[in-house]
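I hope they are handy while you look through the coordinates.

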Amino acid sequence: DSVMKLTVPFLSAEAEQIQVGSPAVLTLEDTGEELQGIVTVVSSMEETLSGGRLVKAVTVEVENPGGLTTLVQAAAAVGEPSGFRRSLCGQRDRPL
């Protein structure tokens, strides 16, 4: 696909500050490569993670430079560099 989407959990309080259309940076786990993207969805539904953390799913869309597959894992940072909101990394990240 020429466009890929990544859905990642953000703490609910941070997700509430994220707007559709916000700039985002995806960092690929395997290579550390950074891809510029844009937020396309901020879920209104909360999920509870281990430890009672409340999160909301945020979907980021990026152009596929050619090597991204559904097996690639990534973390997301959303917003301007001075005020980035970062996703929770680890097993809850969903593949691109």
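**Notes on the fold and its core**

1. Let me start with Gly 21, which touches Ile 38 and Val 39 once residues up to four places away in sequence are set aside; contact here means heavy atoms within 4.5 Å. Gly 21 and Val 39 are 18 residues apart in sequence, yet their C-alpha atoms are 5.1 Å apart in space. Gly 21 sits in the loop between helix 1 (12–15) and strand 2. With a relative accessible area of 40%, Gly 21 is partly exposed (buried is under 20% relative accessible area, exposed over 50%, partly exposed in between, with a 1.4 Å probe and protein chains only).

2. A word on the basis of all this: the model is predicted, so local features need pLDDT of at least 70 and side-chain atom pairs count only at pLDDT 80 or more, while totals for chains, interfaces and linings use all residues. Residues are numbered from 1 along each chain as its sequence is written, and side-chain values use heavy atoms, leaving out hydrogens and water.

3. Overall, the protein chain has 1 helix and 6 strands, and its pattern along the sequence is β-α-β-β-β-β-β. Both kinds of element are DSSP runs numbered from the N terminus: helices are H or I with at least four residues, strands E with at least two. Of the contacts with a separation of 6 or more, 62% are between residues 24 or more positions apart.

4. Which residues touch the most other members of the largest nonpolar core? They are Phe 10, Leu 26, Val 39, Val 60, Val 62 and Leu 68, out of 19 residues in that core. Such a core is a set of buried Ala, Val, Leu, Ile, Met, Phe, Trp, Tyr and Cys residues joined through side-chain atoms within 4.5 Å. At least two core residues come from each of strand 1 (3–11), strand 2 (23–28), strand 3 (34–48), strand 4 (54–63) and strand 5 (74–78). Strand 1 gives the most, with 4 residues.

5. Val 60 is worth a look in your viewer. Beyond its neighbours within four places in sequence, its contacts include Met 4, Leu 6, Leu 26, Val 39 and Ala 76.

6. Thr 59 belongs to strand 4. Is Thr 59 buried or exposed? Thr 59 is buried, because its relative accessible area is 10%. Not counting residues up to four places away in sequence, Thr 59 touches Lys 5, Leu 6, Thr 7, Ile 38, Val 39, Thr 40 and Val 41.

7. Finally, 40% of the 96 residues in the protein chain count as buried.
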